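Reader: Hello! Could you take me through one part of this model in detail, the packing of its helices?

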Amino acid sequence: MSNFIRRLIIPSSLWNNAYGELATGRQQIAWGYVQRSFHDHFCDLIVRHMRFGETPPSGRKLSAMDDWLLLDNPSSTGESTVRHRIEQSELCSGQWMVYLQTGLGDDHSGWIGLIAGGDQLVPLDEVRLVGPRMPVFSRAENAPPINDEPARWSRQVGALGENVFRRVHESSVLLIGAGRLGGLMGESLVRSGVQKLIVTDPDEIESHNLDATFGTRESDLGRFKTVRLVEHLNEIRPDAHLVGLTRTADDPLVLEKAKCVDLLVSCVDNPDAREQASRIAARLVKPHLDLGTIVRHRVSPQPDDLGGDVSENESPLSFDLEYDRDLGADVRLLLPGCCVRCVSAVDVSSMTSDSTLTTPQASDIELTPDWQRGGRTGSLVSLNSMAVGVAMQMWFDFLAGRINGPFWHRLRWEQGVGIQSVAQRVHSPGKCEICET
Ligand SMILES: [Zn+2]
């Protein structure tokens, strides 16, 4: 394990709870099982659940396959304590124990992290919290300057501030879907400074994609969407690391590539792919940003049904009934413990009109062959742009620590009125098959 950069990955919610219990002395130790995940030159040690106790677990009482994290009380300082904890652990052959103690020093910002396994005792290199601001505690020296050409990012830094821009710039993102919404999202991410983007989509470019898929040209018909998108993005950001895959979300290669990213984004048009994105996020403990838009026929009264008490200005004869649509978008930022299947519904009661976009996932309504029955009737670059704009802002807010939990933003374009929106913190009621992965 000494050849890898060893990183502990843990949801902020778990970390904050455990740290609070230990720092106040209500609990002596916290511990949780660890899953090893190797990729590139990293060894990620992922923790999904924590429990409390008086004494640490013993390796002999766990399965020989189990690794675990021991989070120690900040008051039990000193090298002898560390040695004592490792002796107490009674590690079986092949087991690893990650020992971590935080809140050390006068300002409580110090920490000790060690990994014991076999005959080795090696330092933990980083602790990465998955949550607001995506904090990283690292043994390494301070990060180098972002760019030696300040003008390149001056507008982004001016808008976001140095810290948030740095988090954007250092983020790597997996984007599932390179179509109308995904292409726009990919371009927004790299233009905003994201340095590493992996895009996957198995589809080829068809003629009906040309109206609203950014970067596509007539000459691209029949080519893979991701191949063209990566080409297009490379022209914008030749310095960025961009990878295109032509796989579906459930392909093992996509899961493998997802290990190294900091954010998973889904821009897909069917519930199965959306859930698959959530499965990857749950398994690897990643934030998940999910986007969906819908344009569909509204079930409207016909002119003959309205009777004679309609004023001239309100008469449906004065506008084009053919363009009578429900237009909406859902953008959801989901964090470990909450996914597209179990997230609570957004409360749209504050929307003034009698919205038909009241299902928990308006974006999941399948294409209905009979357009008159209220299925998806088309797609608009204008609506997609709004969804992508909201998604980017939500992500910036999250990286700034201004969104501190799963969050849902629903947009509705009320024809003749304008934008209506609901933005709410949401939660999971628990007991979800995907989140318990
Ligand atoms: Zn769930």
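Author: Happy to! This is a predicted model, in which local features need pLDDT of at least 70 and side-chain atom pairs count only at pLDDT 80 or more, while totals for chains, interfaces and linings use all residues. Residues are numbered from 1 along each chain as its sequence is written, and side-chain values use heavy atoms, with hydrogens and water left out.

Helices here are DSSP runs of H or I with at least four residues, and strands are E runs of at least two, numbered from the N terminus. Axes are lines fitted to C-alpha atoms, for helices over the stretch in contact, with angles from 0 to 180 degrees between N-to-C directions. Angles under 35 degrees count as roughly parallel, over 145 as roughly antiparallel, 65 to 115 as roughly perpendicular and the rest as oblique.

On the helix 5 side, Gly 182, Gly 183, Gly 186, Glu 187, Val 190 and Arg 191 meet Leu 229, His 232, Leu 233 and Ile 236 of helix 6 (contact means heavy atoms within 4.5 Å). By class, this contact of helix 5 with helix 6 has 4 nonpolar, 4 polar and 2 charged residues. Ala, Val, Leu, Ile, Met, Phe, Trp, Tyr, Cys and Pro count as nonpolar, Asp, Glu, Lys and Arg as charged, and the others, Gly among them, as polar.

Helix 5 also packs on helix 9, at an angle of about 40 degrees with the axes 10 Å apart. That angle is why helix 5 is oblique to helix 9. This crossing, too, is right-handed. Arg 180, Leu 181, Leu 184, Met 185, Ser 188 and Leu 189 of helix 5 make the contact with Asn 384, Ser 385, Ala 387, Val 388, Ala 391, Met 392 and Trp 395 of helix 9. The contact of helix 5 with helix 9 has 9 nonpolar, 3 polar and 1 charged residues.

Helix 9 has a further partner in helix 4 (residues 162-170), packed at about 115 degrees with the axes 9 Å apart. Helix 4 is therefore roughly perpendicular to helix 9. Their crossing is right-handed. Val 164, Arg 167 and Val 168 of helix 4 make contact with Trp 395, Phe 396 and Leu 399 of helix 9.

Notes: Left-handed = near helix turned anticlockwise from the far one by under 90°.
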